[in-house]
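Student: I've got a structure to go through, and I'd like to know what the labels rest on. Can we take them one at a time?

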Amino acid sequence: MNDTPADTSYQVVLNDEEQYSVWPVGRPLPAGWRAEGTVGGRQACLDHIETVWTDLRPLSARA
C-alpha cells in the first residue's frame with residue numbers, strides 16, 4: 001500500500017552493495033542507504049536509476 005501523496009518528491013538512494021531505490025524526500029533513510037543526489041518526481045528518479053544502474057548484481061557478487 002502506498003501511503004505517500006502523488007505530489008511527493010523522491011530521491012535516489014544507494015546502498016553499500018550499489019543497489020538503487022527511490023525514497024520520499026524528508027523521510028529518514030533506512031539504515032545502510034545514502035542519498036545519491038538525484039531528486040525529483042518518482043518516475044524521473046526511476047528513469048535515472050534505469051540509466052545508471054547497468055549491472056544489477058550486488059557489488060559483492062561482482063568479481
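Predicted model: local features only at pLDDT ≥ 70, side-chain atom pairs only at ≥ 80, totals over all residues.

Student: Why is Gln 11 called buried?

Tutor: Buried means under 20% relative accessible area, exposed means over 50%, and partly exposed is in between (1.4 Å probe, protein chains only). Gln 11 has 12% relative accessibility, so it counts as buried. This residue is in strand β1. Across the protein chain, 22% of the 63 residues count as buried.

Student: Which residues does Gln 11 touch, leaving out those up to four places away in sequence?

Tutor: Contact means heavy atoms within 4.5 Å. With that cut-off, Gln 11 touches Ser 21, Val 22, Trp 23, Pro 24, Val 25, Leu 29, Ala 35, Thr 38, Val 39 and Cys 45.

Student: And why does Asn 15 count as buried?

Tutor: Its relative accessibility is 10%, so Asn 15 counts as buried. Asn 15 is also in strand β1, and it touches Gly 32, Trp 33 and Arg 34, not counting residues up to four places away in sequence.

Student: What does the side chain of Asn 15 reach?

Tutor: It reaches the backbone nitrogen of Glu 17 at 2.9 Å. A polar contact is a pair of N or O atoms within 3.5 Å; within protein, one must be able to donate a hydrogen and the other to accept it, and residues adjacent in sequence count only if both atoms are side-chain atoms.

Student: Where is Arg 34, and why is it called partly exposed?

Tutor: Arg 34 sits in strand β3. With a relative accessible area of 39%, Arg 34 falls in the in-between class, so it is partly exposed. Leaving aside neighbours within four places in sequence, Arg 34 is in contact with Val 12, Val 13, Leu 14, Asn 15, Asp 16 and Leu 29.

Student: Why is Glu 36 partly exposed?

Tutor: Its relative accessible area is 28%, so Glu 36 is partly exposed. Glu 36 is in strand β3, residues 33-40. A polar contact of 2.8 Å joins the side chains of Glu 36 and Thr 38. Glu 36 and Gln 11 are 25 residues apart in sequence and 7.6 Å apart in space, C-alpha to C-alpha.

Student: Which residues make up the largest nonpolar core?

Tutor: A nonpolar core is a set of buried Ala, Val, Leu, Ile, Met, Phe, Trp, Tyr and Cys residues joined through side-chain atoms within 4.5 Å. The largest one has 7 residues: Tyr 10, Val 12, Leu 14, Tyr 20, Val 22, Cys 45 and Ile 49. Two or more residues come from each of β1, β2 and α1 (42-52), and β1 gives the most, with 3 residues. In soluble globular proteins, nonpolar side chains tend to be buried together.

Student: What is the phi of Glu 18, and where does this residue lie?

Tutor: Glu 18 has a positive phi of about 60 degrees although it is not a glycine. Most residues other than glycine have a negative phi. Glu 18 lies in the loop between β1 (10-15) and β2 (20-24). At 32% relative accessibility, Glu 18 counts as partly exposed.

Student: Last one: why does Ser 9 count as partly exposed?

Tutor: Ser 9 has 37% relative accessibility, so partly exposed is the class for it. Ser 9 lies in the segment before β1 and touches Trp 23, Pro 24, Val 25 and Gly 40, not counting residues up to four places away in sequence.

Notes: Residues numbered from 1 in each chain as written. Heavy atoms only, no water. Helix = DSSP H or I, 4+ residues; strand = E, 2+ residues; numbered from the N terminus.
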